[in-house]
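Dear colleague,

Please find below the structure that I am handing over to you. My notes on it come directly after.

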Amino acid sequence: MDSQSLNDKSWNAKSLLLSILSLLSVFFIILTLQVSWNSSQEQTKLDLLQTDLILQATQSVNQEQDHFAGDFLQSLISDGDPQDIYIQSLRSYQEVLQANKAALERLSQDMSGADSQSIPKQLQKKQDAISEISMRAGLLQIQTGDIQGAIATWSNVKQVEGESMTSYGLTSQILQGLWSDPTILFPNAETQIRNTLDGWYRQVALTKLYQAQQRNAELSNLSQQAQITVDKAIKRLVIVNSIPLIGGSIGVVLWLGLIVQWIFFRKSSPFYTKLDSQLESETSQTSNQINWQVPWGLETIWEVMVLWFSAFCLITQLVLPLIFELLGIESRVSEDFTLQALLVLIPYTVSVIPMLPILRFSLASYRPLPEGWFRFKLTSPHWLIWGIGGYFAAVPMVLIVSVISQKFLQGQGGGNPLLPILTESQNILPKFLLWSTLAIAAPFFEEYLFRGFLLPSLTKFLPVWGAIAASGFLFALAHLNIADIIPLSVLGIVMGFVYWRSKNLLSSMLLHCLWNSGSFLALIALGGK
């Protein structure tokens, strides 16, 4: 009796602790999602990077000897007229500009009632983004023939920045002078343009400057340099667009095949679950391959997930930031991409490793586990087929819901904090470190938890499809970013289905690795200097 009473008290204390941690976790998730809502989607930045790359390659469109470049670039815009590249590019910049202005207004409103010291930094960062976008948008207005509009855009940058003029404001002043009538030349104009602008924008600005200064030799050199960059820009565009295009095309063909199989050969379809009792008895081996035996209850699932997420938050939000601050790392991180990459790899690995001892502790009383749990079966080649096939099946689905999500969120929802390292760093080491995080660490730890433990556990209380959907949503929610919830939920559902049918964690890990590696390669090509 005393032993039973002691066990009850122990369970009550553990339930109270888990309840408190659950409330804190929910509060943290809501707060983090709110912060991400006030941030611009990284997808809009990616769209602008691709726009800039197209503009950089447009210099070859009007050359008769390069028909492929012209056809390829025209395939990326809605009309065959190359002039539409400038019109659509300007429209893209104006849309992103409006989204940033709306976000700046929301931050300004939040500042009055907020105690966060990070708000002023966010305001300055957002204002810098607006100035940079406006500066580039003015050059696009020039190409569409709206010179007065461009001058007004650059003038507005100077007025908004006032006395605390940034490099974007100074460059806007220089550009305004170049296209004024009469032309106004500022000292150090060339240096300022080279430091602030790149790609097509630098080419246009320097061409105007050299024409105003009558520097014909520099104009000739600039034209030769432009021809060199055209081929590189087109190759990068091919890589960026071939990944979704080829993957999406193969995925559509795969889905068509699966639909035909479901209609005409249903019993051999991977979607056929054999719920009929007669079929189950006749094919008991297949039935056993579909279902897991789950010896624990909801309290164990609750315990594992809450303890892991609490440890994750504690490590990433308190322990590691405190250590980094004591070591003085934070002050150097903004200029060192290798250090930034290490501060992604190390915190991620350290924060997810506690999952392994938590699982071991929580499931200790149920060992040995029933057959099929946390299975890694390298010798069977079927995991390769499921992983690769699942990747191609996921591409068109995730692309479609990503477009819908972007339209719904209207440029808000935050994004991937790794983007600056991938698109701006010219060093291979930080990129390799990030790839190690995205393609090795993340697939292993996330699949082990969400597909290896959570998905099978939920099948005790939910139909299989419900368990797959729930685990996919929680997988997306754990990324703490509004813009990613819908696309990652779909990706998580596909990975869950692949693991359910293959019963091999290597298959969903391979899918996860391929997805992250494809996104990684596209970002490298999109932003590579």
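Predicted model: local features only at pLDDT ≥ 70, side-chain atom pairs only at ≥ 80, totals over all residues.

Residues are numbered from 1 along each chain as its sequence is written, and side-chain values use heavy atoms, with hydrogens and water left out.

The protein chain has 22 helices and 0 strands; both are DSSP runs numbered from the N terminus, helices being H or I with at least four residues and strands E with at least two. Of its 529 residues, 50% count as buried (buried is under 20% relative accessible area, exposed over 50%, partly exposed in between, with a 1.4 Å probe and protein chains only). Among contacts (heavy atoms within 4.5 Å) between residues at least 6 apart in sequence, 74% join residues at least 24 apart. The chain exposes about 27,200 Å², of which carbon and sulfur atoms supply 61%; accessible areas come from the Shrake-Rupley method with a 1.4 Å probe, and for residues only the protein chains shown count as cover.

Two helices deserve a description. Helix H10 (residues 216–264) has 49 residues and should span 72 Å at 1.5 Å a residue, which agrees with the 71 Å between its end C-alpha atoms; the expected span is 1.5 Å times one less than the number of residues. H10 has a kink of about 35 degrees at Ser-242, shortly before the proline Pro-244 (the bend at a residue is the angle between axes fitted to the seven residues ending there and the seven starting there).

Helix H19 (residues 428–458) has 31 residues and reaches 42 Å from first to last C-alpha, close to the 45 Å expected. H19 bends by about 40 degrees at Ala-442, and the proline Pro-443 follows within four residues. This helix is mostly covered, with 25 of its 31 residues buried.

A salt bridge here is a side-chain nitrogen of Lys or Arg within 4 Å of a carboxyl oxygen of Asp or Glu, and the count comes to 7.

Another salt bridge joins Asp-198 to Arg-136, with closest N and O atoms 3.1 Å apart. Asp-198 lies in the loop between helix H8 (189–196) and helix H9 (199–213) and Arg-136 in helix H5 (residues 118–143), so the pair ties together parts that are 62 residues apart in sequence. Asp-198 is partly exposed at 29% relative accessibility, whereas Arg-136 is buried at 6%.

Glu-218 is partly exposed at 28%, as is Arg-215 at 22%.

Finally, a nonpolar surface patch of about 790 Å² is made by Val-252, Leu-256, Ile-259, Val-260, Trp-262, Ile-263, Phe-264 and Phe-265. Patches are made of residues with over 30% relative accessible area and no salt bridge, with like charges joined within 9 Å and nonpolar side chains (Val, Leu, Ile, Met, Phe, Trp, Tyr) within 5 Å. Phe-264 is in helix H10 and is exposed, with a relative accessible area of 60%.

With kind regards
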